[in-house]
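Student: Please take me through the cavities of this model, with the cut-offs spelled out. Then tie them to the packing around them.

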Amino acid sequence: MALTRSERIAALHKAAKERILVLDGSWGVMIQRENLSEEDFRGERFANHSHPQKGNNDLLILTRPDIVAGLHDVYYSVGADISETNTFSSTTIAQADYGLEDAVYDLNYEGARIGREVADRWTEKEPHKPRFVAGAIGPTNRTLSLSPDVNDPGYRAVSYDEVYNAYKQQAKALHDGGVDLFLIETVFDTLNAKAAIKAVKDLEDEGYEPLPIWISGTITDRSGRTLSGQTAEAFWNSVRHAKPFAVGFNCALGAELMRPHIAELSRVADTLVSAYPNAGLPNAMGQYDEEPHETGHFIEEWAKSGLVNIVGGCCGTTPDHIKHIADEVAGVSPRAIPERPVALRLSGLEPFELIA
């Protein structure tokens, strides 16, 4: 018999206290290996759609659910505790590029439902290791903090209300479909993340069961800052009001370059810390060369240094990478959450702290 959502959330919190949890790896690299055609992406439902769909990976939820279910399945099989829904770009804002704004609810609902079905099957098979589904909420392809026009710094291609409404629609559908937690990920603009946080929190006022929130930013380069300019500590100060289940970084950097930023977040965040780096930096052809054992070795060191509670992989990582990561952190105690002194903590691009 499948666990209720409340039972799953309790199991998630319990598991996080007992061990380092493992997230799945890249979806994009695995979908590319399928060598899908335009017709595969369109399926019957969108056969006559006016816009090209090849590359719209989220659409496979509706047109090739077998591939989506298969990826959840393979990541769980190699040791992942948590798998993301294939909904990174399933907002009206991102899907506007494909003319599929009307399909957004179905994308998120079905994405969550498929993930739930696979996770429940694994939990029934291995009740000592329950599997969880994270509703993936990506950053959209618009930014609220930065102008896309270098000649007009005040211009924005989208409004806060538009971003908020897009996220709220996505979050409702993910919740309806059965996710265990929300993963607001690859945050390059903290204002976009704040819109997503408010959208998720406002669902509670409408009677939706509260779900854990996991927030994952991205450090865009060796400057150690997000695209909107914040340091790791400033980013945490900006989102800590949400009282997230976990906070961390993903994407942009490989594990070697991400380490100092994870260490800084581990120092300041009084919640779980997550990290799912790329398989190194891309080569001249845009491919990722870091081998699974290399990624696993880096993350093993993080784990043994007490820096992380949740680990996984982002761009370029495969089930083999996740297997090595899971093997390397098995038996390593999760990071102890620090007790920080009460203080006034603010942020702009830099953090500000005033201890009484």
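Tutor: A cavity is a set of points on a 1 Å grid over the protein atoms alone where a 1.4 Å probe fits but cannot get out; lining residues have an atom within 4 Å of a point. Grid points are joined across faces, edges and corners, and a volume is the space filled by probe spheres set on the points.

This is a predicted model: local features need pLDDT of at least 70, side-chain atom pairs count only at pLDDT 80 or more, and totals for chains, interfaces and linings use all residues. Residues are numbered from 1 along each chain as its sequence is written, and side-chain values use heavy atoms, with hydrogens and water left out.

The search of the whole structure gives two cavities of 30 Å³ or more. The lining consists of H175, F182, V200, L203, E204, Y208, E209, P210 and L211. Helix α9 contributes the most, three residues; helices (H or I, at least four residues) and strands (E, at least two) are DSSP runs, numbered from the N terminus. By class, six lining residues are nonpolar, one is polar and two are charged. Here Ala, Val, Leu, Ile, Met, Phe, Trp, Tyr, Cys and Pro count as nonpolar, Asp, Glu, Lys and Arg as charged, and the others, Gly among them, as polar.

Now the largest cavity. It holds about 50 Å³ of space. Its lining includes I137, Y167, I184, V187, F188 and N192. Two elements give two or more residues each: β4 (181–187) and α9 (190–205). The largest share, three residues, is from β4.

Strand β4 is largely enclosed by the rest of the structure, because seven of its seven residues are buried, meaning under 20% relative accessible area with a 1.4 Å probe, protein chains only. β4 pairs with β3 (residues 132–137) in the parallel sense, over four bridges; pairing needs at least two DSSP bridges. Within this pair, A136 stands opposite L183.

Along with I262 and W302, F182 has the most contacts inside the largest nonpolar core, which has 76 residues. Such a core is a set of buried Ala, Val, Leu, Ile, Met, Phe, Trp, Tyr and Cys residues joined through side-chain atoms within 4.5 Å. Leaving aside neighbours within four places in sequence, I262 is in contact (heavy atoms within 4.5 Å) with F249, V273, S274, A275, W302, L307 and V308.

Key
1 Å grid on protein atoms, 1.4 Å probe; cavity = no way out; pocket = protein on both sides within 12 Å on 5 of 7 lines; lining within 4 Å. Buried < 20%, exposed > 50% of the residue type's maximum accessible area, 1.4 Å probe, protein only.
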